[in-house]
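Visitor: I would like to learn how to read strands and pockets in a model like this one. Could we go through them slowly?

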Amino acid sequence: AASKGSLHSPLRINCDDCFLLLPPLQAYERRFPTCPLIPMFVASDTVSEYKSEDKAIHVIERRCKLDIDAPRLLKKIAGVDYVYFIQKNSLNRRERTLHIEAYNETFSNRVIINEQCSYTVHPDNEDWTCFEQSASLDIKSFFGFESTVEKIAMKQYTSNIKKGKEIIEYYLKQLEEEGITFIPRWAPPVECKSESSTSHTRRPVSPAVNIPDSATKEALNNKETLNTSSSPSEPIAGTPDDKLDADYIKRYLGDLTPMQESCLIRLRQWLQETHKGKIPKDEHILRFLRARDFNIDKAREILCQSLTWRKQHQVDYILDTWNPPQVLQDYYAGGWHHHDKDGRPLYVLRLGQMDTKGLVRALGEEALLRYVLSINEEGLRRCEENTKVFGRPISSWTCLVDLEGLNMRHLWRPGVKALLRIIEVVEANYPETLGRLLILRAPRVFPVLWTLVSPFIDDNTRKKFLIYAGNDYQGPGGLLDYIDKEIIPDFLGGECMCEVPEGGLVPKSLYRTAEELENDDIKLWTETIYQSASVFKGAPHEVLVQIVDASSVITWDFDVCKGDIVFNIFHSKRAPQPPKKDSLGAHSITSPGGNNVQLIDKVWQLGRDYSMVESPLICKEGESVQGSHVTRWPGFYILQWKFHSMPACATTNLPRVDDVLASLQVSSHKCKVMYYTEVIGSEDFRGSMTSLESSHSGFSQLSAATTSSSQSHSSSMISR
């Protein structure tokens with residue numbers, strides 16, 4: 001019986017468990033010739049050793065003696081008390097890497113064990129060390145005890161993995177206790193031309209650390225003074241440009257553990273690769289990580305959904321382009337009011353005085369939702385302002401809800417339905433923005449409302465709720481613990497005049513019919529240059545563009561929201577038949593504006609009735625594609641998005657967007673795209689602002705930097 005297994009360790013620590021470089025390479029060497037923290041490691045002898053002349057390369061091979069924790073009977077049958085492994089350590093000081101290879105010498109004709117370990121420098125922070133480990137086990141035969149040997153090997157390997165980081169940290173602490181907190185990096189030796197020039201040739205040795213941007217950082221972290229003058233081009237510690245600087249993190253992001261900081265860097269790096277040029281600010285990324293307890297896969301999933309949602313509904317521009325209806329300004333009893341004791345912006349909502357039924361009847365659910373979104377966008381802006389004012393990170397706000405006047409009218413079914421939908425949207429797209437919720441003067445009817453609403457609120461958010469009945473908020477542990485006396489609103493017994501509208505009943509003369517509200521609701525969410533379309537297996541989505549003048553320019557900008565698609569451009573001299581909408585019940589789409597239009601008749605033949613004018617472009621889920629085509633002939637051009645199926649890629653360290661968003665797909669044969677097309681005269685193409693807008697996607701307010709490009713030749717650009 002043969003047993004073969006892979007012991008690839010899930011301990012791919014590079015970034016989930018990084019530890020500061022003090023440095024671990026020197027700490028690792030202290031494990032030899034024996035290590036008391038590893039009882040099974042009895043002794044080791046050096047077999048061979050090599051050092052390069054410049055001392056950059058150090059390769060040492062050891063024969064290690066191990067006392068395996070195995071049954072006595074098995075040892076007796078095997079005829080051994082100890083097993084021996086050969087371990088080869090290759091240290092490259094120039095590249096700052098340590099590679100470790102180990103294999104068994106004992107029973108090598110029966111059992112083959114190979115282990116690979118590596119210590120490398122983190123690509124984004126040169127003060128971090130990444131550790132990666134994997135192993136393989138191949139048991140050909142072992143006296144009939146193959147299964148037992150496999151279990152023993154797995155047990156020993158798992159135990160060693162758990163101890164690996166603990167042992168390194170033990171020796172790091174030992175180095176610190178000995179006063180060794182900084183070891184200079186390797187530098188190439190300087191050749192001296194003559195004795196008289198010795199003093200001059202030694203001067204360049206100090207910057208031989210040869211790492212220009214981290215010199216300032218090391219001086220701050222290690223309290224060491226370097227003998228090099230700071231270059232004006234070096235980032236100043238504490239500025240947002242130095243994303244890994246400790247002062248920047250403390251000033252703008254708050255206290256983060258190395259693991260949390262690593263998760264932030266990984267997710268930001270992944271976004272740079274998948275959403276090039278449209279990266280949300282660190283504060284925003286951090287909110288999604290905190291919402292999922294720094295589970296990077298879960299945070300990545302909800303962040304991708306939110307970014308797509310923001311773009312589709314142009315939420316970035318809501319404060320600049322949308323003016324709330326006068327009814328909201330007069331009867332929505334909520335507004336911003338100074339800040340709490342922690343510096344968080346304070347939002348006051350007099351829910352008990354608000355006519356939710358009247359607002360829904362007069363405005364509709366969508367208008368209320370959009371208004372709440374504008375409040376949240378304003379909250380994000382105020383958090384940034386308060387961060388600058390108070391000199392510490394402010395990433396959330398406090399909400400004070402006064403329920404005085406709450407009654408059964410507020411439990412009107414459509415009103416509760418609208419409230420639940422608003423909560424759902426806010427929870428999904430503004431995580432960790434509510435720092436504290438103070439609910440005051442809760443009446444007897446409140447438990448009924450709470451029972452309806454609480455299941456839709458995240459557990460972490462519910463923990464931030466403080467509920468006071470009657471006048472309890474005036475006693476110990478009440479409002480004064482969270483808000484300064486000077487800014488307590490007058491309607492709560494304070495001295496500060498609050499400019500929040502008092503609400504009141506919405507006149508029935510402002511009520512609108514269901515048909516009017518429905519039309520307005522559709523209009524609200526279609527105020528976007530983008531259209532949404534569904535693509536199915538065997539049912540592509542096609543858009544017709546009629547060109548009268550040759551040399552016109554067709555531009556496009558689309559996002560692949562679900563699935564993988566193939567993008568094609570065709571030309572035909574004759575007009576296709578009127579569009580056919582997909583009528584398959586299984587292919588119905590529920591999102592607003594989703595549609596599927598097919599123009600190319602099934603009897604048409606490629607090359608006879610129509611021709612392909614661009615090579616097919618395969619686009620993966622999550623990609624943003626911008627491009628243009630200069631037409632050569634007048635006639636009818638057809639832009640086509642077709643279903644494409646391809647196995648997921650497993651070669652990269654981080655998953656693709658299609659892996660991340662796989663759970664979003666309703667069907668494995670359904671894709672979704674969000675697109676915008678435009679035709680521009682060739683003479684106007686280069687200078688057209690519209691064409692510039694169509695060549696980049698906008699996450700403007702959440703984006704630290706955006707990119708745009710204009711393409712006047714036949715081309716497509718993919719942002720991954």
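Visitor: Which strands pair with β16, and in what sense?

Guide: Pairing between two strands is read from the bridges that join them. In this predicted model, β16 and strand β22 (residues 624-630) pair in the antiparallel sense over seven bridges, and within that pairing Val553 stands opposite Val630 in β22. With strand β24 (residues 670-680), β16 pairs in the antiparallel sense over nine bridges, and here Asp559 stands opposite Met674 in β24.

Visitor: Is β16 enclosed by the rest of the structure or exposed, and why?

Guide: A residue is called buried when its relative accessible area is under 20%. In strand β16 (residues 553-562), 10 of the 10 residues are buried, so the strand is largely enclosed by the rest of the structure.

Visitor: Turning to the largest pocket, how much space lies in it, and which residues lie nearest its centre?

Guide: About 1,200 Å³ of space lies in the largest pocket. Its lining consists of 48 residues, and those nearest the centre are Leu349, Leu419, Ile422, Ile423 and Leu437. Among the elements that give two or more residues to this lining are β10 (345-349), α13 (365-390) and β12 (434-442), while the largest share, 10 residues, comes from α14.

Note on methods: Residues numbered from 1 in each chain as written. Predicted model: local features only at pLDDT ≥ 70, side-chain atom pairs only at ≥ 80, totals over all residues. Heavy atoms only, no water. Buried < 20%, exposed > 50% of the residue type's maximum accessible area, 1.4 Å probe, protein only. Helix = DSSP H or I, 4+ residues; strand = E, 2+ residues; numbered from the N terminus. 1 Å grid on protein atoms, 1.4 Å probe; cavity = no way out; pocket = protein on both sides within 12 Å on 5 of 7 lines; lining within 4 Å. Points joined across faces, edges and corners; volume = space filled by probe spheres on them.
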